[in-house]
Amino acid sequence: MKPTLFDLWNGNLCPVKEYCQNNKEVENLERLLKANADKLSEELNEKQLKRFDTYNQCVEEYLQCTNEEAFYKGFSLAYKIINEANTQT
């Protein structure tokens, strides 16, 4: 059996995706985002559509960075808690 940290490092575990699975609130927000983006895409001219695409790319990159930072902070916090629990007598 491989250690969990090994699976995490190799991408076999994805806490962010697992957190969002079967989450009705997230699913509803995703539906709303897609529906509104589709409506906007239909209404925008070519120049506006290009700007909208650039905006969406920036939002995706921002979310990736914040999710990564949140994961790092959460992992660090979990390590501290486990370390403190193991060192207390």
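**Exercise 1. Is K34 buried or exposed, and which residue forms a salt bridge with it?**

Step 1. Start with the surface. K34 has a relative accessible area of 53%, and exposed means over 50%, buried under 20%, and partly exposed in between (1.4 Å probe, protein chains only). K34 therefore counts as exposed.

A note before going on: this is a predicted model, in which local features need pLDDT of at least 70, side-chain atom pairs count only at pLDDT 80 or more, and totals for chains, interfaces and linings use all residues. Residues are numbered from 1 along each chain as its sequence is written, and side-chain values use heavy atoms, with hydrogens and water left out.

Step 2. Now look for the partner. A salt bridge is a side-chain nitrogen of Lys or Arg within 4 Å of a carboxyl oxygen of Asp or Glu. The closest N and O atoms of K34 and D38 are 2.9 Å apart, and these residues form a salt bridge.

Step 3. Check the partner's surface. D38 has a relative accessibility of 34%, so D38 is partly exposed.

Step 4. K34 and D38 both lie in helix α3, 4 residues apart, which is about one turn of the helix. Helices here are DSSP runs (H or I, at least four residues; strands are E, at least two), numbered from the N terminus. An α-helix has 3.6 residues a turn, so residues three or four places apart point the same way.

**Exercise 2. How many salt bridges does a search of the whole structure find? Describe the others.**

Step 1. The search finds 3 salt bridges.

Step 2. One of them joins K24 and E27, with closest N and O atoms 3.8 Å apart. These residues are 3 apart in helix α3, so about one helical turn separates them. K24 is exposed at 63%, while E27 is partly exposed at 25%.

Step 3. Another joins K73 and E69, with closest N and O atoms 3.6 Å apart. Both residues lie in helix α4, 4 residues apart. E69 is partly exposed, at 39%.

**Exercise 3. Which spans should α3 and α4 have at 1.5 Å a residue?**

Step 1. The expected span is 1.5 Å times one less than the number of residues.

Step 2. Helix α3 (residues 24-43) has 20 residues and should span 28 Å; its end C-alpha atoms are 29 Å apart, which agrees.

Step 3. Helix α4 (residues 46-87) has 42 residues and should span 62 Å; the end C-alpha atoms are 61 Å apart, which also agrees.

Step 4. Look at the starts of these helices. N23 caps the N-terminal end of α3, with a side-chain oxygen 3.1 Å from the backbone nitrogen of E25. N45 caps the N-terminal end of α4, with a side-chain oxygen 3.1 Å from the backbone nitrogen of K47.

**Exercise 4. Which residues make the nonpolar surface patch of about 280 Å²?**

Step 1. The patch is made by L5, F71 and F75. Patch residues have over 30% relative accessible area and no salt bridge; nonpolar side chains are joined within 5 Å, and like charges within 9 Å.

Step 2. L5 lies in helix α1 (residues 4-9) and is exposed at 54%.

Step 3. F75 belongs to helix α4 and is partly exposed at 41%. Leaving aside neighbours within four places in sequence, F75 is in contact (heavy atoms within 4.5 Å) with L5 and L8.

Notes
Polar contact = N/O pair within 3.5 Å; in protein donor to acceptor, adjacent residues only side chain to side chain. Areas by Shrake-Rupley, 256 points an atom, 1.4 Å probe, with all protein chains shown as cover.
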